[in-house]
Amino acid sequence: MTAYFVVNYDVSDVEQYAKYNPGSNHITAVTVAKHGGEIIVATNKGVSLAGSAAQMRVIIQFPSKEDAQAWDDDPEYAQAKAIRLASTTNIDAYIVDKLTIPE
């Protein structure tokens with residue numbers, strides 16, 4: 001079943017974060033594709049309707065929750081992920097299944 005990896009965060013160290021985005025974008029893209037994923041949203045823009053939105057919003061679609069988890073745990077992505085985690089705060093990350101409405 002299709003699943004989404006969703007992460008929202010604020011950038012706390014702009015210089016360090018630049019090593020992740022744009023610095024590691026190729027690693028992220030290659031490893032996402034390796035697990036059958038597609039980056040749907042990756043932006044710091046949007047319209048906040050309620051609450052306080054984090055600075056960055058990312059949604060990645062995968063064939064399954066297992067594929068999303070495998071990407072997040074992928075050793076090839078580990079160094080890039082470490083840079084993202086070290087340069088951001090207010091991180092909210094989760095994996096959810098796509099809504100399927102019964103007929």
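The structure is a predicted model, and it holds four salt bridges. Three residues, Lys 34, Asp 74 and Glu 76, are joined in a network of such bridges.

**Packing of H3 and H4**

- Helix H3, which covers residues 65-73, packs with helix H4, residues 75-86, at an angle of about 70°, and their axes are 7 Å apart.
- H3 is therefore roughly perpendicular to H4, since angles of 65 to 115 degrees count as such.
- On the H3 side the contact involves Trp 71, Asp 72 and Asp 73, which meet Pro 75, Tyr 77, Lys 81 and Arg 84 of H4.
- Sorted by class, this contact of H3 with H4 has three nonpolar and four charged residues, but no polar ones.

**A salt bridge between Asp 72 and Lys 81**

- Asp 72 pairs with Lys 81 in a salt bridge whose closest N and O atoms are 3.2 Å apart.
- Asp 72 counts as buried at 16% relative accessibility, and Lys 81 is also buried, with a relative accessible area of 19%.

- Lys 34 forms a salt bridge with Asp 74, with the closest N and O atoms 2.9 Å apart; Lys 34 is in helix H2 (residues 25-34), while Asp 74 is in the loop between H3 and H4, 40 residues apart.
- Glu 76 also forms a salt bridge with Lys 34, its closest N and O atoms being 2.6 Å apart; because Glu 76 lies in H4 and Lys 34 in H2, this pair ties together parts that are 42 residues apart in sequence.
- Asp 74 is buried, with a relative accessible area of 4%, whereas Lys 34 counts as partly exposed at 45% relative accessibility and Glu 76 is partly exposed, with a relative accessible area of 48%.

How values were computed: Residues numbered from 1 in each chain as written. Predicted model: local features only at pLDDT ≥ 70, side-chain atom pairs only at ≥ 80, totals over all residues. Heavy atoms only, no water. Axes fitted to C-alpha atoms, helices over the stretch in contact; angles between N-to-C directions. Helix = DSSP H or I, 4+ residues; strand = E, 2+ residues; numbered from the N terminus. Parallel < 35°, antiparallel > 145°, perpendicular 65-115°, else oblique. Contact = heavy atoms within 4.5 Å. Nonpolar A, V, L, I, M, F, W, Y, C, P; charged D, E, K, R; others polar. Salt bridge = Lys/Arg side-chain N within 4 Å of Asp/Glu carboxyl O. Buried < 20%, exposed > 50% of the residue type's maximum accessible area, 1.4 Å probe, protein only.
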